[in-house]
Protein chains: 2
Amino acid sequence: MKVTALLGERFKNAPSDCTIESHKLMVRGGYIKNMASGIYSLYAPAKRIAKKIENIIREEMDRIDAQEVMFPVVMPASLWEESGRYTSIGSEMARFTDRGGNRLVLGMTHEEAAVHLARNTASSYTQYPFTIYQIQTKFRDEPRARGGLIRVREFTMKDAYSFHTSQEDLEKTYARFYEAYERIYRRVGAKNVVAVKSDSGMMGGSISHEFMLLTDIGEDTLAICPECGYSANMEVASCEIDNEAGEVEELKKVSTPGVKTIEALKEFFGIDEKKFAKAVVYQRNKDDSYLIVFIRGDLEVNETKLRNYLGEEVHPAAVITEESGIVAGFIGPIGLDGGLTAVFDKSLEGINSLVCGANEQDFHYTGMNVERDVGKVDYVDVAKVFEGAVCPVCGKPVITVKRGIEIGNIFQLGTKYTKAMNMTYLDRDGEAKNPIMGCYGIGVGRLMASVCEESCDKYGPIWPMSIAPWQVEICNLRSTDEAVSRVADGLYETLQNDGVEVLYDDRDIRPGSMFADADLFGIPVRVVVSPKNCDAGVVEVSTRDKSIKTEFAIDGAAEEIRALVAKLLEEYKG
Amino acid sequence: MKVTALLGERFKNAPSDCTIESHKLMVRGGYIKNMASGIYSLYAPAKRIAKKIENIIREEMDRIDAQEVMFPVVMPASLWEESGRYTSIGSEMARFTDRGGNRLVLGMTHEEAAVHLARNTASSYTQYPFTIYQIQTKFRDEPRARGGLIRVREFTMKDAYSFHTSQEDLEKTYARFYEAYERIYRRVGAKNVVAVKSDSGMMGGSISHEFMLLTDIGEDTLAICPECGYSANMEVASCEIDNEAGEVEELKKVSTPGVKTIEALKEFFGIDEKKFAKAVVYQRNKDDSYLIVFIRGDLEVNETKLRNYLGEEVHPAAVITEESGIVAGFIGPIGLDGGLTAVFDKSLEGINSLVCGANEQDFHYTGMNVERDVGKVDYVDVAKVFEGAVCPVCGKPVITVKRGIEIGNIFQLGTKYTKAMNMTYLDRDGEAKNPIMGCYGIGVGRLMASVCEESCDKYGPIWPMSIAPWQVEICNLRSTDEAVSRVADGLYETLQNDGVEVLYDDRDIRPGSMFADADLFGIPVRVVVSPKNCDAGVVEVSTRDKSIKTEFAIDGAAEEIRALVAKLLEEYKG
C-alpha cells in the first residue's frame, strides 16, 4: 500500500487527555479515532494489527481443538434472567427495549449464549468434552474508560467456553488453555507476561488465572515472589504473617480521652502500630447492617477477600449511627454489641498483648489477648498483602508488589451456569448431570495496546514482526527523481509479488517528516532509497528496534529483504 | 475435524416456523440456532462458511484498493443528529442510554461513522479518492424478521464508503464496485444474480443498484426485460405505456346510482377498464391532508415512485372525511375541490375519451379528455410496472416480473452526509468543498442463506467448493473394523497434512444416518470407506451435486482427492 492512499494522519503531538504512552502513540500514528467515551474506530494500520492478532489466536485455538462459532451481540434479557445475572450485574450492562417492547441486552461476556448454543445438543456424556469460541464485539458500560484501547467500553474479544463431565477433564483443558495463552503472548511479541491467581468476580467459579503484562501503568496490583515465582492478584493474594507473640500482660482499661486514630494511639502509648488491634467498620450492601473487621494496626483490609469470605457484597461504612451500638474511635472485640458481626484477621493470631478500643467513649484496653479475653474465634485472612510479606509458597519474606495490565483470563466455572440454565447430559450410568464449564478470554484491542506500551520508544511503536501492520516500509527520499523512483518502485513491486507486506512512502516530503512518520508506523524493516544510495548501488536497510543497520546491493536487495523478514518472523512461529 | 467433536446436531424435520428451504436446512443441519426474533448464533459449520465468504469479499475489496477499517457497533446519538438521521430513522434503530445518561445507538449502517473517521484527516484534494470498508456486526430492529438468516435483526455486513472530489471519479469507483460485486457473487457460487436499479430509500442519493438473487421466495419484485437485459426494482421501475388514443367523444354526465368500483363501472358501461380514469386517495403523513392520484383503470399506483415524486411520505387514505370535499366512489378530475392536490399518471396521457367520477354522488362523466376538460396537467410516472409492459430501454412489450432476494447494494450518495456533517477539503483552487460519497454493502449471513436457497436439494445444502464448511467428508462405514478404520484414518491424516479441509465421520452408526447427515453437511466431495470397498482396494468418491461418482484405488486416493478439490476450486478463483 502507498502512504498517499492510506486514510489517517500522523501528528507531532498527542492531545492532552492521552496519559499513557500507547494511547499517545496510537493517536499520533493514525491508528485509532475516538468517537465517544471508550468507543473507537480503527484506521487501517490498527485493523491490520488486530487481524494478525486474531489469526494467531485462531491458530492456537484450533491447535487445542476449540471450534469457532458466533454468538449474537444483542441478546434477550430472558436468557440473562435464567442465569440470574440480569439482576446481579449492574449498570455496566447496556440494556434496551426493542420496538415490540422486548427487553434486550448487549453482550459483555457470553456464558449464557454458550449454554444456549450447547444445551439440548450435547445430551450424552459421549459428546463431551468440547470447546467453542468466538471473536466478537462486546460492550461493557465501563465508568472509567481511559488509556486508549487499554480500557474501553466497546471491544473485540476472543471468548471461549469448554464443557466437561468431570473436574479432572476440565483441568486438562484448563491446562491446555494456559499453555495456548503462553504461546499466544509469545507469538504476538508480548514479553513480560505472568499468570497470576485471581478473583473470579462476577464470573462465578473458584479457580482462575489472569495473564498480566507487567508495566507501571497497569491498573492491577500483583504480589510476586522473585524467589519461587509465586504470583497472585492483590485481590486474592494470601497474606502470610510471622507474628511475634510478645509478653503476656494483664488486661487493663485505660482512659484515652479523644485519642481515636492509630497515629494518635501510637503517640499516646509510645508503641509500634503492630501492637494494635485496629477496627474497620463495613456495611452489608443488602441492608446496610454493620460488621467489624479486627486487623493488626499496620495492615489494611482487602475488601475482595473480605467479600469472598462473607459471600456477600459489603462497603466501608458511610456513616455510623448511634443506634448501631458502635462507639466510633473506641471499637474493640471485648463487650462488643451482640448484634454485630466481628471478623478477626489472621494477623492478630498468637499475639499475647494488644491495644484495642473498649467500646466505651474515651477508653481503650491494653494487654488484650484474643483467646483469653474474647474467647475462641475463627481467624480469617482478609489482609492486603504488602511489599516484603512472607511468600505463601516458599515462605521467604520477599514478596514484591508490581503493577500489570490484564491481557487475558481463564476461569474454572463449575456448574454455576449449566445448573441455573438447566443444561444436562445423561451420564454413563443414565443419570442426568450438569456439565462443568470453563471460560477463557483475551481482548484483542487491549493486547494490541499493551504490546505497543511495552514495545515502543518516544518516536513510535516498535511492532513485533508477527503483528506489524506491514512487514517492510520503503522510504523513497526523492520521488521526483526518476532513477531513485525506478529503484523504489521496483522493490515495491518485487517484494509485493513475493508476498511481502509493504508500505511504500513515495510522497514528495522532507526526509525528516518521512522518517518521523515511519517511526510512528513502527514497521520492523525499513528500506531507504535515496539518490546517494542509488549512486552507490545500494539501499539502506534497518530495523525499527535499531538492532540491524546495513546496506544491500540494489541487485538482489528484494531477496535479502525477504529473507530478513522471514528470519524475523521465525521468532514468533507457532 | 471429527463429527464426534463437532457441536450441533442434525434433525430429520424442521420446526414448523421454517417456511423456506434454506431456513429449514440450516436448522436441520445444525448451522444456526435462534435466540430471539431475528437473532441467531452460528455453529461451527456456518461460521466456517461465513469466514470463507468474508475472505472472498476481503480479497475483492483489496483488489479495488479499498482499505479495511473498523467502526464501532455502539455510536453516540449526537453523530446521528449531525446527519439528521437520528430523527429521520424510526424504530428500526435501537437506542439506549448509558450509565452517564448519554444517548447511544446501535449501528445499522455506518455513513456517519465513515465521515467521522475521514473528516479532518482528508483535508486536501490530493488525498482523494479513497475507499474504506469494514466487516462488522449490525443491528436493525426489523419488524418482520423471518426466513432464518434471510431477514434478521442482527447481521454481519461488509460495508464500504468511498470519498471523491468529482462525480466522474465516484462513477469510476462505483463501476469498480459493480464489477467487484459480480466477481464476489460468482466466487461464492451464487448463480442467478442480476443488478437492478433501485430506490435509495433512507440512504439518500440518487443512483443506486441492488444485486438480486432471483428466487421465488424473494421479497423484492423486479421488472426484467428478457430481450435487452434491462432490470429494475418494481419500486422504481418506470412504467412505459402504449396508449391507444381512441375516438374523441363529448363530455357527458351520466347517472350511475351506487356504481362505485371499477368492476361495477365496467359492467355498467360495458367497456374495458383501460377506459377509466381511476382515482386513488392518499394522505400525507405529516398532516393527514389528502391528495388524489388519477391513473388508468387497469393499473396500480406504485407508492415508492409516488413518494419520490412528492418528496414526502404518504399513505393510502385510512378514512375520507366529509369536510375533505371528496365524494368517495365518484371522484374525478373535473371540478375537484381546489384544496386537493391531483396527480396525473402518464397512463392517462393522450387518451381522447375516459370515464371518470363527477365529484357528485351517483354521477360519472364519460368522454372526458384531460387536456380539453381539465386543462394542461403534468403527467408523471407513478404506475406499477406489469407483466408484458413496454421495456423502457428496448421498447418491446416483454417486461417480465420476477422475485429476488437483495444480496448487495451500491449507492451514489452525493454530498448528503459530508455536507450535513461538515466534512470539507481544499480543492486545487483553494476552495473548500464537500467530498462526494458512495456506499456499498453486502450482508454475509444473507448471502450464505441465499446460496443455500439456490443450491440445495430436499436432503440438504449443496455448498459450492469455495465456501463449503469443509472440502471433503470421509464417511467411515465400519469404524469398529480395524482394516476399514486404518484406511479412513490414514486418508484423514494425509489429506489434512496436504492442507485439505476434511470432516471425518467415524461414528458407529447406520450408513443411512451417516449419509443423511452428510447430505445436511453439504460438503462437495464425499469419500466412502466401507468393508466392501476396502476388499476391492478402492474408496468411493462422489460429489454432493451428483455430477461425479467414481472409485479411486486406495493407494494414491489422497492425491486424486486433493486434485479433485483443486479442480473444483478452480471455478471460483478470483
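This is a predicted model: local features need pLDDT of at least 70, side-chain atom pairs count only at pLDDT 80 or more; totals for chains, interfaces and linings use all residues.
**Figure 1. Chain A as a whole.** Let's start with one copy. Chain A has 574 residues, and 49% of them count as buried. Its secondary structure comes to 15 helices and 31 strands. Picture a box of roughly 95 × 65 × 50 Å along the principal axes: that is what the C-alpha atoms of chain A fill. Now look at who touches whom. Take the contacts in chain A between residues at least 6 apart in sequence; 72% of these join residues at least 24 apart.

Figure 2. Two copies of a chain are related by a rotation about an axis and a shift along it. Here, turning chain B by 180°, with 0.1 Å of shift along the axis, superposes it on chain A with an RMSD of 0.2 Å. The two copies are thus related as by a two-fold rotation axis. Which C-alpha of chain B is nearest the axis? Look for B:Phe96, whose C-alpha is 2.8 Å from it.

**Figure 3. Where the two chains meet.** Chain A puts 46 residues into the contact, and chain B puts in 46 residues. On the chain B side, several elements each supply at least two residues, including helices α2 (44-63) and α5 (111-118). Among the strands that do so are β1 (32-36), β2 (39-42) and β7 (130-139) of chain B. What kinds of residues are these? By class, the side of chain B that touches chain A has 29 nonpolar, 10 charged and 7 polar residues. The copies meet through the same surface, because 100% of the interface residues of chain B are also interface residues in chain A.

**Figure 4. Helix α15 of chain B, from end to end.** This helix covers residues 557-570, which makes 14 residues. How far apart should its ends be? At 1.5 Å a residue, α15 of chain B should span 20 Å, and its end C-alpha atoms are 20 Å apart, so the two agree.

**Figure 5. The two faces of α15(B).** The buried residues of this helix are B:Ala557, B:Ala558, B:Ile561, B:Leu564, B:Val565 and B:Leu568. These residues cover an arc of only 125° around the axis, which puts them on the same side of α15(B). What do they pack against? In chain B, their partners are helix α12 (482-497) and strands β27 (472-476), β29 (525-529), β30 (538-543) and β31 (549-553). Now check the face turned away from the buried side: it carries the exposed residues B:Ala563, B:Ala566, B:Lys567 and B:Glu570.

Conventions: Residues are numbered from 1 along each chain as its sequence is written. Chains are lettered from A and ligands numbered from 1 in the order in which they are written. Two residues are in contact if their C-beta atoms, placed from the backbone, lie within 7 Å. Helices (H or I, at least four residues) and strands (E, at least two) are DSSP runs, numbered from the N terminus. Ala, Val, Leu, Ile, Met, Phe, Trp, Tyr, Cys and Pro count as nonpolar, Asp, Glu, Lys and Arg as charged, and the others, Gly among them, as polar. A residue is buried if 20 or more other C-beta atoms lie within 10 Å of its own, exposed if 12 or fewer, and partly exposed in between; C-beta atoms are placed from the backbone. The expected span of a helix is 1.5 Å times one less than its number of residues. The arc is that of the directions from the helix axis to the C-beta atoms. Copies are superposed by least squares on the C-alpha atoms of residues with pLDDT of at least 70 in both.
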